[in-house]
Amino acid sequence: MFKLGDIIVMKKPHACGENRWEVIRLGADIKVKCLGCGHIVMIPRAEFKKKFKKVLIQADQVKPENEEHYLKQNQLMPSNFIKRNEE
């Protein structure tokens, strides 16, 4: 369906007029970033699935130099960012 770093299309455009978003966090909530203005929004997964239309470009095929507000894979926070001390 969609994964971290994908560029997706929602059913309705953002207030800035852009309809392309980058998925920057996955979990119970989905965090997406508008590629028109850079605004970041967190949406509950159930609501996101209703508003999601399709994946435009998969993460491994995106050319970051062509996208002004796109975050590269090494700039995204990994899902297991909390390191636990092993004793």
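Predicted model: local features only at pLDDT ≥ 70, side-chain atom pairs only at ≥ 80, totals over all residues.
Which elements each supply at least two residues of the lining of the second largest pocket? They are β4 (40-44) and α1. Residues are numbered from 1 along each chain as its sequence is written, and side-chain values use heavy atoms, leaving out hydrogens and water.

Now the sheet. Strands (E, at least two residues) and helices (H or I, at least four) are DSSP runs, numbered from the N terminus. Strands of a sheet pair through backbone hydrogen bonds, either parallel or antiparallel. Here, two strands pair if DSSP finds at least two bridges between them. Strand β1 (residues 7-10) runs antiparallel to strand β2 (residues 20-25), and three bridges join them. Isoleucine 8 has tryptophan 21 in β2 as its bridge partner. Next, β2 pairs with strand β3 (residues 29-34), again in the antiparallel sense, over four bridges. Valine 32 in β3 stands opposite valine 23. Three residues lie between β2 and β3, which form a hairpin.

Step back to the whole sheet. It is open, has five strands in the order β4-β3-β2-β1-β5, and pairs them in antiparallel fashion. β4 and β5 (52-57) stand at the edges with a single partner strand each, so one side of each has no neighbour in the sheet. On average, neighbouring strands of this sheet are turned by 40° against each other, direction ignored. For such angles, axes are lines fitted to C-alpha atoms (for helices over the stretch in contact), and angles run from 0 to 180 degrees between N-to-C directions.

Next, the helix. Helix α1 (residues 45-51) contains lysine 50. Is lysine 50 buried or exposed? Its relative accessible area is 62%, so lysine 50 is exposed. The cut-offs are under 20% for buried and over 50% for exposed, with partly exposed in between (1.4 Å probe, protein chains only). Lysine 49 is also found in helix α1. At 46%, lysine 49 is partly exposed.

Finally, look at the rings. The whole structure holds three aromatic pairs. Rings of Phe, Tyr and Trp (its six-membered ring) pair if their centres lie within 6.5 Å; planes under 30 degrees apart count as stacked, over 60 as edge-to-face and the rest as tilted. Phenylalanine 2 and phenylalanine 52 have ring centres 5.3 Å apart and planes at 50°, so the pair is tilted. Both phenylalanine 2 and phenylalanine 52 are buried. Ring pairs link Phe2, Phe48 and Phe52 into a cluster.
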